Amino acid sequence: MRNFFRRKSSCQIAKDRLKILLISDRVNCSPEMMELIKNDIAKVISKYMKIDADNMEIQINTKGSKTGRSVKPSLWANIPIVDVTMSEQKNQETIKL
């Protein structure tokens, strides 16, 4: 539990940033493309619930298999939800039409 609250050193932060840069380079995903993906995801999810798109985080990470032979990229999203009841109201309006 102690490690959970410990701050990362500047060296570790730099390593993490370099990993993200290398991963995005390997999957040919420019910062502009990441922004487009972020906007598209925000638009789709906003149809069903109210989110805080300004504080949304999108990253591409790599995850190795259990055998350790293949490393595959994965998309990670952290999307703050402001209100979920909005989705219920929209669904009811759609049904009434």
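Trainee: How many helices and strands does the secondary structure of the chain come to?
Mentor: Happy to start there, and keep in mind that this is a predicted model. Along the sequence the elements follow the pattern α-α-α-β-β-β-β-α. Counted up, the secondary structure comes to 4 helices and 4 strands.

Trainee: Where in the chain is confidence highest, and where is it lowest?
Mentor: Let's begin with the overall picture: the mean pLDDT of the chain is 75, and 64% of its residues reach 70 or more. Confidence is lowest in helix α1 (residues 2–5), at a mean of 53. At the other end of the scale, with a mean of 93, is strand β1 (residues 50–51).

Trainee: What share of the residues of the chain counts as buried?
Mentor: Good one to ask alongside the surface. The accessible surface of the chain comes to about 8600 Å², and carbon and sulfur atoms account for 55% of that. Of the 97 residues, the share that counts as buried is 12%.

Trainee: K38 is buried, so which side chain of opposite charge is nearest to K38, and why is there no salt bridge?
Mentor: K38 sits in helix α3 (residues 31–46). A salt bridge needs a side-chain nitrogen of Lys or Arg within 4 Å of a carboxyl oxygen of Asp or Glu. The nearest side chain of opposite charge is 4.7 Å from K38, so no salt bridge is counted, and that side chain belongs to E35.

Trainee: How far apart in space are K50 and I81, C-alpha to C-alpha?
Mentor: K50 lies in strand β1 and is partly exposed, with a relative accessible area of 45%. For context, among contacts in the chain between residues at least 6 apart in sequence, 49% join residues at least 24 apart. K50 and I81 are 31 residues apart in sequence, yet their C-alpha to C-alpha distance is 6.2 Å.

Definitions and conventions: Residues are numbered from 1 along each chain as its sequence is written. This is a predicted model: local features need pLDDT of at least 70, side-chain atom pairs count only at pLDDT 80 or more; totals for chains, interfaces and linings use all residues. Side-chain values use heavy atoms; hydrogens and water are left out. Helices (H or I, at least four residues) and strands (E, at least two) are DSSP runs, numbered from the N terminus. Buried means under 20% relative accessible area, exposed over 50%, partly exposed in between (1.4 Å probe, protein chains only). Lys and Arg count as positive and Asp and Glu as negative; His and the chain ends are not counted. pLDDT is the predictor's confidence in each residue, from 0 to 100. Contact means heavy atoms within 4.5 Å. Accessible areas come from the Shrake-Rupley method with a 1.4 Å probe; for residues, only the protein chains shown count as cover.
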